[in-house]
Amino acid sequence: MSSLVSIRFQAFDLEEMAQAEGRVVIIIPAEGKMGPAARRANRLTRGAVARLVESDRFAKVKPGDVVSLAWPAGMAAEALDVLVLPRRPDTDEARKAGAAIAKCAAGKPVLVMAANQVRTEDLAMGIALRSYDFDAHKTKESDAPGGVVIAHSKHAEVEAEFAPLYAVADGVRMTRDLTNEPANVLTTTAFADRLAEMESLGLTVEVLDEDKLAELGMRTLLSVGQGSDSPSKVVVMHWNGGDKDDAPLALVGKGVVFDTGGISLKPAAGMEDMTMDMGGAGVVAGTMRALAKRKARANVVGLVGLVENMPSGNATRPGDVVRSMKGDTVEIINTDAEGRLVLCDVMWYAQERFNPVGMVDLATLTGAVIIGLGHENAGVFSNNDTFCDAFLKAARAEDEGAWRLPLGKKYDDMLKSRIADMKNVGGRPAGSITAAQFLQRFVKDGTPWIHLDIAGVASVAAETSYAPKGATGWGVRALSRFVADNFE
Ligand code: BES
Ligand code: MN
Ligand code: ZN
């Protein structure tokens, strides 16, 4: 497990600059106007900062860039990082600037001389998000833990503004940890245990075991896990921060801890990536953590279906017919289209038990969504424009890519089965849409619903603005904001 970088706020005091170890950050707008910290750094370094500002190099900088002066004379720090940023950046600029600072710091202690910088809480958020490093399985000691100190003229105010953002950053951290963790470590049982630990944050956590799931009739979910030695589980996390009588928002996550494809076995090349096939459940967990830590004034219930899709003598065969909890029968043409079989039972259970005001499901559901949208946008599907637009707005505000795709009867028709109520696959065309159509068959008429296909965004091969390679935590920020703006 990784830990969140520590971020402290203190009064703005120029006297600390000379002695600070690690890295010292000063902020200069692109026009080059130096504030008190820049002038002090300039004096300590006998004019180095002024020479930088007057250089050709500085003429080419963009807001958010960092220019590092290594081993500055007159300072104890190993680097003076000059961050180029207007005094009044927008949220996005401030967060990206913070991410740039974190990337330079690479685990070293940092003193940020923020003076009276506007949106310093967002700058700190960028630092918190980008300081992430998944080193749980690196034997070699990692760099001494850094720690960030932000000096600001109104430090108490900034600290208060930052508190809920820090809670969200911790949710993102948890999602990334879960998604990065290999499948021999994050078994269904280990996953459920990590969720149960969140009771200490004030969440109520129930773990439903296989006997209970059989009793509830979650047969399609159980059919996915039956080839694995790891027991299938459904975990229900309750956050009751709202009025007692308000129905909750339901978040539902696909938690396939490893997806071999089952008897419809995947090819070997790249199969190791399927450790991230629990990414949807990871986002639900991280969002519940964020809501609890920032004490959201809303009722939200998070449900995850935790299974492992393995081939074995007891595994589901292609052609098997299974009856869902809802009662509809499914002909399982392809055991690799397993996510929808997990989700359909958990979604049905969520509606039967909680009658939620709305339901959002998240899943690394289809390779097809990567063909369509790449790694920049999650696929968004919905039966309700107002509900969907509210989510898209939150995602935009958090700079998390999300793009709506259509649903329709003709797509639904592609799921017709000769011998059962439906097949679990609709063929190659529009693979992400037919997967969404399958799920929609398990959404009750009056339930506003959004399906997020995050196969392309949950874990990526190149670093993003806020994350190193690997798990991104996509969705935690958007969902936390979606709750704040619409349910609090
Ligand atoms: N977990 C995969 C989807 C996936 C692919 C996630 C790549 C992340 C990266 C899912 O269970 C799956 O195997 N989907 C199949 C569906 C097909 C059999 C209809 C797919 O996309 O190929
Ligand atoms: Mn699969
Ligand atoms: Zn899968």
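Is D413 buried, partly exposed or exposed? The structure is a predicted model, in which local features need pLDDT of at least 70, side-chain atom pairs count only at pLDDT 80 or more, and totals for chains, interfaces and linings use all residues. Residues are numbered from 1 along each chain as its sequence is written, chains are lettered from A and ligands numbered from 1 in the order in which they are written, and side-chain values use heavy atoms, with hydrogens and water left out.

D413 has a relative accessible area of 23% and is partly exposed (buried means under 20% relative accessible area, exposed over 50%, partly exposed in between, with a 1.4 Å probe and protein chains only). The residue belongs to helix α14, residues 409–413 (helices are DSSP runs of H or I with at least four residues, strands runs of E with at least two, numbered from the N terminus). Between D413 and Q437 the C-alpha to C-alpha distance is 9.1 Å, at a separation of 24 residues in sequence.

The manganese ion (ligand 2) is coordinated at 2.0 to 2.2 Å by D259 (OD), D336 (O), D336 (OD) and E338 (OE). Donors are N, O and S atoms within 2.8 Å of the metal (3.2 Å for Na, K and Ca); water is not among the atoms, so sites may look incomplete. The angles among the six donor atoms of this ion span 71 to 168°, and the site is irregular. Six donors count as octahedral if opposite donors are over 155 degrees apart and all others between 65 and 115. D259 also coordinates the zinc ion (ligand 3), which lies 3.2 Å from the manganese ion. Because D259 lies in strand β9 (residues 249–259) and D336 in the loop between β12 (329–332) and α11 (339–354), the pair ties together parts that are 77 residues apart in sequence. D259 is buried, at 3% relative accessibility, whereas D336 is partly exposed, at 22%.

Ligand 1 is surrounded by 17 residues, the closest being K266, D277, D336, E338 and G367 (a residue is near a molecule if one of its heavy atoms lies within 4 Å of it). Polar side-chain atoms lie 2.9 Å from an oxygen atom of ligand 1 in D259 and 2.8 Å from an oxygen atom of the ligand in K266. Of the 520 Å² that ligand 1 exposes when taken alone, the protein buries 77% (accessible areas come from the Shrake-Rupley method with a 1.4 Å probe).

Notes:
Tetrahedral: all angles 85-135°; square planar, octahedral: opposite > 155°, others 65-115°. Polar contact = N/O pair within 3.5 Å; in protein donor to acceptor, adjacent residues only side chain to side chain.
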